[in-house]
Amino acid sequence: MRDEHSDKAARAAGLSGLVTEPFSRRGFVMTGLMSGLTLATTRVEAQVIHTDSAGIQAGEVQIPAADGPMPGYRAVPGGPGPFPVVLVIEEIFGVHDYIKDVCRRLAKAGYCAVAPELYARQGDLSTMTDAKQIVRDVISKTPDAQWIADLDAAASYAGSAAKGDLGRLGVMGWCRGGRGAWLYAAHRRDLKAAVAWYGPLQSERTEIQPRTAGDVAAEIHAPLLALYGGADTGIPVATVEEARDRAKAAGKSVELVVYPDAPHGFHADYRPSYRKEPAEDGWKRALAFLKANGVG
């Protein structure tokens, strides 16, 4: 049976072709977020950025979804609002302390930031210590239609219960979440801006994940900032340039910034891949891009 929430979300966005795969909702495996940093990759605790909650409201929330409450993290400035909304799309490792800190950074910059745990139905990421297992057992089994509908649910939550202004809606994602930023920009017509941090443009097409980020480049509804590393061995810069050019030929706007010596994951301050200068420059560019395109 087709999921009614997914269908309604697709029709509301005016792009039902992207959310077409039927999928069965099931109970949430994760009913709360993990504590600390992911166990599934090498960590460098000494360089981790810690953003406090002074002047903002931040913490775990339960986001209404079609089949029950979905765990997530919300950070929003103090005061009545409403505030521009940024949907934060996690890496494959879940909404752990790095993603939570990113939300607090956005709140400090004046945004209502919401990070839903998009893999909560497929597996408990807090217990997983092997990235390959996460990809095999969780990422590959999460339908694109499911997480897209869940992002729509997170946006609705931000607008109704988190002092968010959906007239100023943006999205930002890292790694797999960067892929998500491309796809969500092709899904949602009222999106104002998208930021993709080193999201893969090419991936395996499957029944539940039928299109790549590169496939939808010419269909995006919002300007997109693409932040990539020239030393990323898994994402050839040429594939990003091709997507940019495809978007441009279709009259869309993609601004590509390549940091020549930066590897994959250069913004992830908890990992050895972190590169301070590209990370800080990319963050400044991302905030400026959001503001310049109506999310600010």
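My notes below go from the sheet to the helices and then to the cysteines.

I'm working with a predicted model here. I looked up the strand order first: 8 strands make an open sheet, running E1-E2-E4-E3-E5-E6-E7-E8, with mixed pairing. E1 (56–65) and E8 (254–259) sit at the edges with a single partner strand each, so one side of each has no neighbour in the sheet. From one strand to the next, the twist averages 20 degrees.

I picked E6 (residues 193–197) and E7 (residues 224–229), which pair in the parallel sense over 4 bridges. Ala 196 has Ala 226 in E7 as its bridge partner.

**Helices.** H5 (residues 176–187) packs on the sheet and touches E3, E5, E6, E7 and E8. Its direction makes about 140 degrees with that of E5. H4 (residues 144–161) lies across E1, E2, E3, E4 and E5, and runs at about 125 degrees to E1.

**Annotation.** UniProt, in an unreviewed entry, lists residues 71–292 as "domain: Dienelactone hydrolase". I checked that span in the model: 36% helix, 21% strand, and 31 Å between its end C-alpha atoms.

**Cysteines.** How many disulfides does the count come to? It comes to 0, with a cut-off of 2.5 Å between sulfur atoms. For Cys 112, the nearest cysteine sulfur belongs to Cys 103, at 9.3 Å. Cys 112 is buried, at a relative accessible area of 0%. For Cys 175, the closest cysteine sulfur is also in Cys 103, but 17 Å off, which is too far for a bond. Cys 175 is buried too, with a relative accessible area of 17%.

Key. Residues numbered from 1 in each chain as written. Predicted model: local features only at pLDDT ≥ 70, side-chain atom pairs only at ≥ 80, totals over all residues. Heavy atoms only, no water. Pairing = 2+ DSSP bridges. Helix = DSSP H or I, 4+ residues; strand = E, 2+ residues; numbered from the N terminus. Axes fitted to C-alpha atoms, helices over the stretch in contact; angles between N-to-C directions. Contact = heavy atoms within 4.5 Å. UniProt positions renumbered as here; feature names shortened; annotations may be inferred. Buried < 20%, exposed > 50% of the residue type's maximum accessible area, 1.4 Å probe, protein only.
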